[in-house]
Amino acid sequence: MRLSRTARMSPAEERLTRAAPRPSDGFTSETVTARGLRLHIRRRGVPPPTEPAWVLLHGLAVSHRYLMPTAVALPGAVFVPDLPGFGLSEKTPRVLTTGQHADVLAAWMDTTGITTAKIIANSYGCQIAVELAIRRPDLTAALILVGPTVDPAAPTSAAQIRRWSRDLLSEDPKQIPAMLTDFREAGMRRVLRTLKDAVTHRMARRIPLVSAPILVLRGQHDPIAPASWVEQAAALARCGSAGEIPGSAHNAVTTGGTRVAALAVAFAGSGFSSPRVVRGPGR
């Protein structure tokens, strides 16, 4: 059965998802104001003056929490913001669009002193990462897109919800407490309006506009970002590669964090000349 093959978080990784705002494993929390919005940032280290930092972007209805198993496995300075309205960031009355999220992130990076970054994003966060790379190429050294939405073969809210429901059957049940907390903090109105915006954002048209190199990854059991879409997304990039994280579903950044981090580091260290298809290493 699929469930028996699906990756699981370790106890240490599970604790990481619950740690904020307390210090843990070198990470601390801070609040930064960007474009008049208070953002919660989980961070380790300071922006390096001569090389890109790591910035991780979460998906729809969730927060920094589920990204921490990947964040802790990365070297150097790492920043994991909660998007406006999500996680521990300010709950804005208006629901931001994909482009507006990208603009707020760019303002935060400027304020924090992050001059350029290697960006790891999951799900809807991939759409924001692509918009950031188009609008501010100076801030984007590379993109690692994990389970990017929205697959052109499922371009409606209903289709995405059906795929998400299927994905839940393959996810680690230990993610549920954090996911419920994230959903409660965001609220149904924000989640549904953001989903509506996400399905109108045409990733297949936007990816070719990104000048930065792109590595597109998916979990082996991910129904939201199937292999056909991941390969298409990588082929659309000016400099693109594709890969798969064994055992994981859509939230590979949670259940395959060490694998995602290893592939991201290898991609960044290769001069972005990695092969078209790569496979995740073992834990």
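## Talking through a predicted model

Colleague: Let's start with helices α6 and α8: at roughly what angle do their axes cross?

Modeller: Keep in mind that this is a predicted model. Helix α6 covers residues 157-168 and helix α8 covers residues 188-200. Their axes come within 9 Å, and the crossing angle is roughly 110°.

Colleague: Is α6 roughly parallel or roughly perpendicular to α8?

Modeller: Angles from 65 to 115 degrees count as roughly perpendicular. The axes cross at roughly 110°, so α6 relative to α8 is roughly perpendicular.

Colleague: Which residues in α8 meet α6, and how many residues of the contact are nonpolar?

Modeller: On the α6 side you have S157, Q160 and I161, and they meet L195, K196 and V199 in α8. Sorted by class, the contact has one charged residue, two polar ones and, for the nonpolar class, three.

Colleague: On to the inside. Which residues have the most contacts inside the largest nonpolar core?

Modeller: In soluble globular proteins, nonpolar side chains tend to be buried together. Here the largest nonpolar core has 54 residues. Another core, of 26 residues, lies apart from it and has L16, L56, V78 and I144 among its members. Back in the largest core, the residues with the most contacts are W108, L143 and L145.

Colleague: What does W108 touch, leaving aside neighbours within four places in sequence?

Modeller: W108 sits in helix α4, and it is buried. With those neighbours left out, its contacts are V32, A34, L39, I41, V55, F79, P81 and I114.

Colleague: Is the aromatic pair of F79 and W108 stacked or edge-to-face?

Modeller: The count of aromatic pairs comes to one, and both F79 and W108 are buried. The ring centres are 6.2 Å apart, with 65° between the planes. Planes over 60 degrees apart count as edge-to-face, so this pair, at 65°, is edge-to-face.

Colleague: How many residues apart in sequence are the parts that this pair ties together?

Modeller: F79 belongs to strand β4 (residues 78-81), while W108 belongs to helix α4 (residues 98-112). The pair therefore ties together parts whose separation in sequence is 29 residues.

Colleague: Now P21: is it buried or exposed?

Modeller: P21 is in the loop between α2 (11-17) and β1 (28-34). Beyond its neighbours within four places in sequence, P21 contacts S29 and R42. Its relative accessibility is 57%, and over 50% is the cut-off, so P21 counts as exposed.

Colleague: What about E131, buried or exposed?

Modeller: E131 is in helix α5 (residues 124-135). Not counting residues up to four places away in sequence, E131 touches T98, A102, H201 and R206. Under 20% relative accessible area is the cut-off, and E131 has 3%, so it counts as buried.

Colleague: Last one: where is S123, and what is its phi near?

Modeller: S123 lies in the loop between β5 (117-122) and α5. With 11% relative accessibility, S123 counts as buried. Its phi is positive although the residue is not glycine, and the value is near 55°.

Conventions. Residues are numbered from 1 along each chain as its sequence is written. This is a predicted model: local features need pLDDT of at least 70, side-chain atom pairs count only at pLDDT 80 or more; totals for chains, interfaces and linings use all residues. Side-chain values use heavy atoms; hydrogens and water are left out. Axes are lines fitted to C-alpha atoms, for helices over the stretch in contact, and angles run from 0 to 180 degrees between N-to-C directions. Helices (H or I, at least four residues) and strands (E, at least two) are DSSP runs, numbered from the N terminus. Angles under 35 degrees count as roughly parallel, over 145 as roughly antiparallel, 65 to 115 as roughly perpendicular and the rest as oblique. Contact means heavy atoms within 4.5 Å. Ala, Val, Leu, Ile, Met, Phe, Trp, Tyr, Cys and Pro count as nonpolar, Asp, Glu, Lys and Arg as charged, and the others, Gly among them, as polar. A nonpolar core is a set of buried Ala, Val, Leu, Ile, Met, Phe, Trp, Tyr and Cys residues joined through side-chain atoms within 4.5 Å. Buried means under 20% relative accessible area, exposed over 50%, partly exposed in between (1.4 Å probe, protein chains only). Rings of Phe, Tyr and Trp (its six-membered ring) pair if their centres lie within 6.5 Å; planes under 30 degrees apart count as stacked, over 60 as edge-to-face and the rest as tilted.
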